[in-house]
Amino acid sequence: MTLLALGDSWPYGAHCNGCTPFPQLYAQGLKTELSREVTLLNLVTNGGTSNSLRQSLASDPSYGDAVRRSDVVMISTGANDMEPAGQSWKAGTCGGADGLDC
């Protein structure tokens with residue numbers, strides 16, 4: 001069985017201070033629950049965004065091949081897409097009448 005992991009810095013493990021990132025934990029859990037060997041195909045990108053993942057899926061044939069040959073596909077992306085708004089909020093530069101249009 002093949003588990004494909006796609007996403008950004010969260011499934012990459014960039015924010016867990018040396019912990020085991022959750023795609024590996026999920027693969028271990030599948031192996032335990034299903035009593036089957038599980039191969040993790042990890043295509044997560046530290047710093048990636050939803051748009052960069054979309055571009056990779058649309059233009060890199062290796063991504064399409066990975067999706068086709070995987071039994072389970074895990075996608076976790078979007079947190080980095082919100083970073084510019086979070087930085088504006090922290091800096092107090094959000095606009096609009098309520099100051100929250102980030």
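**A charged pair and its setting**

Reply: Arg68 is exposed, at 64% relative accessibility; exposed stands for over 50% relative accessible area, buried for under 20% and partly exposed for what lies in between, with a 1.4 Å probe and protein chains only. This is a predicted model, in which local features need pLDDT of at least 70 and side-chain atom pairs count only at pLDDT 80 or more, while totals for chains, interfaces and linings use all residues. Residues are numbered from 1 along each chain as its sequence is written, and side-chain values use heavy atoms, with hydrogens and water left out.

The partner of Arg68 is Asp65, and their side chains form a salt bridge with 2.6 Å from N to O. The term asks for a side-chain nitrogen of Lys or Arg within 4 Å of a carboxyl oxygen of Asp or Glu. Side chains of opposite charge can pair when their charged atoms come close. Both residues belong to helix H4, three residues apart, which is about one turn of the helix. Helices here are DSSP runs of H or I with at least four residues, strands are E runs with at least two, and both are numbered from the N terminus. Asp65 is partly exposed, at 36% relative accessible area.

By this rule there are two salt bridges. In the other one, Lys31 pairs with Glu37, and their closest N and O atoms are 3.7 Å apart. Here Glu37 is exposed at 57%, while Lys31, at 41%, is partly exposed.

Back to the helix itself: H4 (residues 61-69) and H3 (residues 50-59) have axes that come within 5 Å and cross at roughly 85°. Axes are lines fitted to C-alpha atoms, for helices over the stretch in contact, and angles between N-to-C directions run from 0 to 180 degrees. H3 and H4 therefore count as roughly perpendicular, a label for 65 to 115 degrees; under 35 is roughly parallel, over 145 roughly antiparallel and the rest oblique. Where they meet, H3 brings Leu53, Ser56, Leu57 and Ser59, and H4 brings Pro61, Tyr63 and Val67. Sorted by class, that contact holds five nonpolar, two polar and no charged residues.

Next comes the sheet, which is open, with three strands in the order E2-E1-E3 and parallel pairing. Strands pair if DSSP finds at least two bridges between them. On average, neighbouring strands are turned by 20° against each other, direction ignored. E1 and E2 run parallel and are joined by four bridges, and Leu4 stands opposite Leu41 in E2. Helix H2 (residues 22-34) packs on this sheet and touches E1, E2 and E3, its direction making about 155° with that of E3.

What does Thr2 touch, beyond its neighbours within four places in sequence? Thr2 sits in strand E1 (residues 2-7) and is buried at 18%; its contacts (heavy atoms within 4.5 Å) are Thr39, Leu41, Arg69, Ser70, Asp71 and Val72.

Finally, Asn80 lies in the loop between E3 and helix H5 (83-91), and is buried at 14%. Leaving out residues up to four places away in sequence, Asn80 touches Asp8, Ser9, Gly47, Gly48 and Thr49. The C-alpha atoms of Asn80 and Asp8 are 7.2 Å apart, although 72 residues separate them along the chain.

Terms used:
Ala, Val, Leu, Ile, Met, Phe, Trp, Tyr, Cys and Pro count as nonpolar, Asp, Glu, Lys and Arg as charged, and the others, Gly among them, as polar.
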